[in-house]
Amino acid sequence: MSLTLFMHPLASFCHKVLIALYERQIEFKAEIVDFGNEGSAAQFLEIWPVGKIPVLRDEKRNRTVPETTIIIEYLDQHYGSGARLLPPEAQQALDARLWDRFFDLYIGLPVQKIVIDRIRGEGEHDPKGVADARATLTTAYGMIEKQLSEKTWVIGETFSIADCAATPALFYANTLQSFATSHPNLAAYFARLVARDSVRRTLAEAQPYFHMYPYRENIPAQFLL
Ligand SMILES: N[C@@H](CCC(=O)N[C@@H](CS)C(=O)NCC(=O)O)C(=O)O
């Protein structure tokens with residue numbers, strides 16, 4: 001098999017790429033990176049020294065592709081079937097790129113900040129940073145709520161890379177600051193996302209690992225084993 005995805009089934013940014021792979025029915029081999037295991041971590045750092053998962057390795061083209069947005073664009077160019085996740089029409093492509101960045105930067109990263117703070121040791125907490133991250137989530141929820149009025153997916157009727165980014169970012173954000181009742185458009189959009197086969201499969205594969213998530217008590221029962 002040509003494609004290997006270095007990933008972890010619990011990791012939000014890995015979900016983004018898994019959803020893309022499943023949407024476009026692309027075959028790949030998953031290689032789990034365990035940052036808690038010195039050997040596994042060291043091996044992965046050889047591949048991508050900044051140590052962020054996922055990374056895609058394509059033996060056929062002899063390419064190592066990091067960064068989720070680039071991985072999804074690469075897959076769109078070379079693999080898969082059905083509608084591309086980066087729409088061919090220029091304005092739609094810009095919208096998809098914008099909202100892909102938006103979900104990574106203003107939902108995904110604040111979520112990471114809040115979650116990592118919970119597992120930090122005594123004296124290592126950053127209350128101001130966590131408060132800022134929570135404020136960013138609040139602002140972002142309000143903007144997404146507006147964007148989604150009269151839209152099925154983030155950029156309209158086309159499911160795109162932006163929805164791949166949105167799904168895991170919102171899944172974990174919802175465990176930190178619920179939008180279930182405060183943001184009806186967002187809540188309805190999230191319900192549409194988690195009903196998609198690609199997302200159901202990704203979340204089902206994450207289920208055995210959810211006990212490792214620092215805010216596991218806030219994961220809605222429908223997603224648990
Ligand atoms: N900008 C990166 C972010 C990837 C990222 O933050 N991955 C997390 C897992 S969700 C990670 O590798 N964390 C490990 C660490 O920071 O040590 C991308 O889009 O690929």
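## The ligand and the spaces around it

An oxygen atom of the ligand is 2.8 Å from an N or O atom in the side chain of Q112. The protein covers 75% of the 510 Å² of accessible area that the ligand has on its own (areas by the Shrake-Rupley method with a 1.4 Å probe). Please keep in mind that this is a predicted model: local features need pLDDT of at least 70, side-chain atom pairs count only at pLDDT 80 or more, and totals for chains, interfaces and linings use all residues. Residues are numbered from 1 along each chain as its sequence is written, and side-chain values use heavy atoms, with hydrogens and water left out.

**Around the ligand**

- The ligand's surroundings are made up of A11, S12, F13, F35, G51, K52, I53, E67, T68 and Q112 (each has a heavy atom within 4 Å of the ligand).
- In the side chain of K52, an N or O atom lies 2.6 Å from an oxygen atom of the ligand.
- E67 places a polar side-chain atom 2.7 Å from a nitrogen atom of the ligand.
- By class, this shell has four nonpolar, four polar and two charged residues (Ala, Val, Leu, Ile, Met, Phe, Trp, Tyr, Cys and Pro count as nonpolar, Asp, Glu, Lys and Arg as charged, and the others, Gly among them, as polar).

**The largest pocket**

- The ligand takes up the space of the largest pocket (more than half of its atoms lie within 2 Å of the pocket's grid points).
- This pocket holds about 1100 Å³ of space (the volume filled by probe spheres set on the points, which are joined across faces, edges and corners).
- On a 1 Å grid over the protein atoms alone, a pocket is an open set of points with protein on both sides within 12 Å along at least five of seven lines, whereas a cavity is a set where a 1.4 Å probe fits but cannot get out; lining residues have an atom within 4 Å of a point.
- Among the 32 lining residues of the largest pocket, A11, S12, F35, I53 and Q112 are the closest to its centre.
- Nine residues, the largest share of this lining, come from α4, which spans 90–118 (helices are DSSP runs of H or I, at least four residues, numbered from the N terminus).
- The pocket lining has 18 nonpolar, eight polar and six charged residues.

**The largest cavity**

- The count comes to one cavity of 30 Å³ or more.
- Lining the largest cavity are S12, F13, K16, F103, D104, G108, A165, P168 and A169.
- At least two residues of that lining come from each of α1, α4 and α6 (161–176).

Terms used. A polar contact is a pair of N or O atoms within 3.5 Å; within protein, one must be able to donate a hydrogen and the other to accept it, and residues adjacent in sequence count only if both atoms are side-chain atoms.
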